[in-house]
Amino acid sequence: MAKRDAYFDNAKLFLMILVVFGHLFQPFIETKGIYSDLYYFIFTFHMPAFILISGYFAKGKPKPLKKLIKKLLLPYIFFQLLYSAYYTLIGLQESFSFSITTPQWSLWFLLSLFCWNCMLYLRQRFSTKQILIGSVVVALVVGYIPFFGRFLAVQRTLTFFPYFMVGYALPASWMAKMKTAPKKLMAIGVFTGIFVLIKANDWINKYWVFGSKPYEDYLNHPLLGGPQRMIFFVLGLAGIAAFFMLVPKGQYFFSKWGKNTLTVYLLHGFLVKGLRALGVDDVEMGNWGVVLIFAFSILLTAALSNEHFCQWLERGKRKLLRPVLN
């Protein structure tokens, strides 16, 4: 086993905290303009950074299809069923309904990650540069196609595929520079610029950063969707670079939690959706409330990524899926 790189574990852990915070924070973003600005700012780079890291570690030959099915597609189907039952139980759905083609909430990432890895088989006929350029063109064009929405997460898969390919094409030397470059002030400046740009544009809504809907569903002028998506793609890359500049490269007590971020991603939704079913949306949120939500996001991420908890889950998963995997 190759030694884990604490830098990437730290990066994934901090990104996961932002994911959890964003999902807990979402019901309150309309109460104050600064809240929605903060929310859109985080979404500009946190999932793109996760996707870029996924592409970075997908280098080499494409993974065997059987392995991808076991690692990504089967868990997607299992959690799709589990979340459907849970939503019915807590009253978010009037009756139980199960669909493989329409991902429940955050499960789109598993389905998209499966598709991105499968699309690496294009390397057998095209160069990495050609696929990267093609992915950007397709990401801009797909927003003009009205029937590409939540079905099989096609819109999101194609919208975010460029980040995956950037990670795949990214040389290790570039990441080495990010680790060692003392550019903290530059990173803070980039983040400040992104935040100010978002704050200065009141017409931005969440679908600009979600990438889940065609342009005509959330833009008053759909023809401008392509340029708008390109701007946010560039902002996303700038935000990712700034984030990487700020990530600590050393081994810390929390670094080990970064290897279990997928577990956190899959499980934190049960609490988030449960709180929404209890009516947390109606709670008045002040600035100290935002701080408490962020602190709770850190604690929840730490708890769900705890090594003993993850080992217990892994044993249970193996017992449950043994008939299928064998």
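Helices here are DSSP runs of H or I with at least four residues, numbered from the N terminus. This is a predicted model, where local features need pLDDT of at least 70, side-chain atom pairs count only at pLDDT 80 or more, and totals for chains, interfaces and linings use all residues. Residues are numbered from 1 along each chain as its sequence is written, and side-chain values use heavy atoms, leaving out hydrogens and water.

**The loop between helix 5 and helix 6**
- L152 sits in the loop that links helix 5 (128–142) and helix 6 (154–169).
- Though not a glycine, L152 has a positive phi of about 55°.
- L152 is partly exposed at 32% relative accessibility (buried is under 20% relative accessible area, exposed over 50%, partly exposed in between, with a 1.4 Å probe and protein chains only).
- A153 belongs to the loop between helix 5 and helix 6, and its phi is positive too, about 55°, although A153 is not a glycine.
- A153 is buried, with 4% relative accessible area.

**S305**
- You'll find S305 in the loop between helix 12 (287–304) and helix 13 (307–325).
- S305 is buried, at a relative accessible area of 1%.
- Leaving aside residues up to four places away in sequence, S305 touches W257, N260, V264 and C310 (contact means heavy atoms within 4.5 Å).

**Helix 1 against helix 2**
- Helix 1 (residues 6–25) and helix 2 (residues 33–56) have axes that come within 9 Å and cross at roughly 140° (axes are lines fitted to C-alpha atoms over the stretch in contact, with angles from 0 to 180 degrees between N-to-C directions).
- Residues of helix 1 including F8, L15 and F25 meet residues of helix 2, among them Y35, I42 and Y56.

Conventions: Helix = DSSP H or I, 4+ residues; strand = E, 2+ residues; numbered from the N terminus.
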